[in-house]
Amino acid sequence: MTLYYRDDAVQVTSESIRAGGHVVALADVTFVWHARGQKTLAVRGRVLGRGVLVLLLSLPPLVAVVCVLSLAWSAQDRGNWQLALIILAACAVGALVLVPFLEIPLGWLDRSYERGSHVHELWVQHHGQEDLLVRTPDALRFGQIYRAVQRAVEQHGDHR
């Protein structure tokens, strides 16, 4: 028996698929497909959080551009370029010091995209009936499960 995937709720082997209290023998599977389910509150919250995070990461550079243009305009009017250059240099050094701290929110954003923005469903047809085996908002996990089921079905079909 070959193990293709296993976590707390799903196990895919060369003999069967176990998920959500169902055990489906690969010999009985006639068709496998995936679909998008209705979005859950958690998925909607993840998408909203992603948008807020993108907004918060985008605002400081935009504000900085406005401030630099304003500073340049006022320095031109007053003819005081030395003070403007000192302020710009101090802001540039401050920005460079803060750049390593961008790793944290960018990591959150990256993980948010890994988890996806939809609910994914794995369906199988066996004994003439259709069963929903897996429903998850985690795109990475769903992809691993679906690929494991594909490999198991392909390998089982080769041995027939």
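Q: What joins strand 5 to strand 6, and in which sense do they run?
A: The two strands are joined by 8 bridges and run antiparallel. Two strands pair if DSSP finds at least two bridges between them, so strand 5 and strand 6, with 8 bridges, count as paired. The model is a predicted one, in which local features need pLDDT of at least 70 and side-chain atom pairs count only at pLDDT 80 or more, while totals for chains, interfaces and linings use all residues. Residues are numbered from 1 along each chain as its sequence is written, and side-chain values use heavy atoms, with hydrogens and water left out.

Q: Why is one side of strand 5 and of strand 7 left without a neighbour in the sheet?
A: The open sheet has 3 strands in the order 5-6-7, with antiparallel pairing. Strand 5 (29-37) and strand 7 (129-136) stand at its edges with a single partner strand each, so one side of each has no neighbour in the sheet. Strands here are DSSP runs of E with at least two residues, and helices are runs of H or I with at least four, numbered from the N terminus.

Q: What do strand 3 and strand 4 form, and how many residues lie between them?
A: They form a hairpin with 2 residues between them, and Gly20 in the turn has a positive phi of about 55°. Strand 3 (residues 16-19) and strand 4 pair over 4 bridges in the antiparallel sense, with Arg18 opposite Val23.

Q: How many nonpolar, polar and charged residues does the lining of the largest pocket have?
A: The lining has 11 nonpolar, no polar and no charged residues. Ala, Val, Leu, Ile, Met, Phe, Trp, Tyr, Cys and Pro count as nonpolar, Asp, Glu, Lys and Arg as charged, and the others, Gly among them, as polar. Among the lining residues are Leu56, Pro60, Ala95, Phe101 and Pro105. Helix 1 gives the largest share, 5 residues.

Notes:
On a 1 Å grid over the protein atoms alone, a cavity is a set of points where a 1.4 Å probe fits but cannot get out, and a pocket is an open set with protein on both sides within 12 Å along at least five of seven lines; lining residues have an atom within 4 Å of a point.
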